[in-house]
Structure formats: structure tokens, C-alpha cells
Amino acid sequence: MSINSPFYNLSDVPTFTLTSTDIENGAELSGPQLSGAMGVEGGQDTSPQLSWSGFPEETKAFAVTCYDPDAPTGSGFWHWVVTDLDASTTSLPANAGDPSADLLPAGSVTLRNDAGEPRFVGAAPPQGHGSHRYFFIVTALAEPLGLDESASPAFAGFNMFFKGIARAWLECTFELK
């Protein structure tokens, strides 16, 4: 596993299935999942529809994240972090990452992304920096994380390390030429 993988320093856990009607594993992201807020022409900052299945029976909650390990920051870039989705939640509709759309289940907690907003922000790599990878990850949790909105994405990741019992992901790309 590459040192630049978001899973490099994480425990090996079982995997389950993640699908989407909006994005495809290995494919390039398109307008809805690009960031107009960060200046990408045609970007809409719309989180993709996600559905998951095959997770462990003992799952008590889920966390959904979107992370770019290729951002030139030394720590990657968190585009979206939602924690404490109830274990009965097995999908999110498109645009669930927009708080004004009110599409997330009650009890879930959205943290501020690395752009400082409690929402999904789309792909916006620096022009000419090359292709970036965007990992949409669902983590099955042994118990809710219990964090509030002031927690950082890195702190949520740290807590997921201890409470994560399985994960599923879709890896997409985008390059701003």
C-alpha cells in the first residue's frame, strides 16, 4: 500500500460495498462534484448519492467522508465529514452535503471541512498540480463517535481509528488543467 494512501496508517478492517448513481470507482469527477465555491468553472459542490451494504451486523453507526490525500498541504484535504449516522441509514441522496437541503438523518453531525464550512465542498485541485484522488469513504462504527460540530476532521479520523470496524470506498479523480 502506498504511503500516500488514506488507509496507510489505519488498521486493516473488513470491507463492504459502496455504490453511487453519481460517481464511479476509478472515474473522473464531473461538474456536480467539483467546487464552484473554490473557483472551478461549472462546479456545483453537490455531494454524490451514496448507498452501502454488507457491513458487519454489530455496526452501531456510520461516518461518511471525502478526502483528497494529494492536496499540497502535508495533511491532505478533507472535503466532507459526517459522523454518527444511525446504523439504519444505508444511503444518502445527492446533495446531502448541503445543510440547507436538510437531507441528512436526524442525529448526524457534519464537521467543518478544510475550507472551513460544515458541508461538502467539491474537488478543486490547484491548476497544473496533476490528477488528485478523491476517496468517498463510509466507515462502519462499533459505536457513535459522539463528537460535536467543533471537532476537526483529523480528530474524527483519530476516533474512527478506534471505533471503525469496517469500511467501504469509491476512489475518483480530477485534474484542473
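# Close-up views of a predicted model

**View A. The largest pocket holds about 580 Å³ of space.** The structure is a predicted model, in which local features need pLDDT of at least 70 and side-chain atom pairs count only at pLDDT 80 or more, while totals for chains, interfaces and linings use all residues. Residues are numbered from 1 along each chain as its sequence is written, and side-chain values use heavy atoms, without hydrogens and water. A pocket here is an open set of points on a 1 Å grid over the protein atoms alone, where a 1.4 Å probe fits, with protein on both sides within 12 Å along at least five of seven lines. Its volume is the space filled by probe spheres on points joined across faces, edges and corners. The largest pocket is lined by 24 residues (each with an atom within 4 Å of a point), and those that lie nearest its centre are P6, F7, L10, Y67 and W78. At least two lining residues come from each of strand 3 (61-68), strand 7 (132-141), helix 1 (153-163) and strand 8 (164-174), where helices (H or I, at least four residues) and strands (E, at least two) are DSSP runs numbered from the N terminus. Helix 1 gives the largest share of this lining, namely three residues.

**View B. Five strands are joined in an open sheet with the order 6-4-3-7-8.** The pairing in this sheet is antiparallel, and two strands are said to pair if DSSP finds at least two bridges between them. Strand 6 (109-110) and strand 8 stand at the edges with a single partner strand each, so one side of each has no neighbour in the sheet. Strand 4, made of residues 77-86, is paired with strand 6 in the antiparallel sense over two bridges, and within this pair V82 is placed opposite T110 of strand 6.

**View C. Strand 3 is mostly covered, and its residues point two ways.** Eight of the eight residues of strand 3 are buried, which means a relative accessible area under 20%, whereas exposed means over 50% and partly exposed lies in between (1.4 Å probe, protein chains only). Seven bridges pair strand 3 with strand 4 in the antiparallel sense, and the bridge partner of Y67 in strand 4 is W78. Both Y67 and W78 are also among the residues that lie nearest the centre of the largest pocket. Strand 3 also runs antiparallel to strand 7, and seven bridges join these two; in this pairing F62 stands opposite A140 of strand 7.

**View D. Three strands make another open sheet, in the order 1-2-5.** Here too the pairing is antiparallel. Strand 2 (50-53) and strand 5 (91-92) pair in the antiparallel sense over two bridges, with L50 standing opposite L92 of strand 5.

**View E. The loop between strand 1 and strand 2 holds both D45 and Q49.** D45 has a positive phi of about 50°, although D45 is not a glycine, and at 7% relative accessibility this residue counts as buried. Q49 is likewise buried, with a relative accessible area of 14%. Setting aside residues up to four places away in sequence, Q49 touches T19, S20, T21, D22, S91, L92, P93 and A94 (heavy atoms within 4.5 Å). L92, one of the residues touched by Q49, is the residue of strand 5 that stands opposite L50.

**View F. N95 has a positive phi of about 75° although it is not a glycine.** N95 is found in the loop between strand 5 and strand 6. With a relative accessibility of 21%, N95 counts as partly exposed.

**View G. N4 and R133 are 129 residues apart in sequence, yet their C-alpha atoms are 10 Å apart in space.** N4 lies in the segment before strand 1, and at 32% relative accessibility N4 counts as partly exposed. When neighbours within four places in sequence are left aside, N4 is in contact with P69, D70 and R133.
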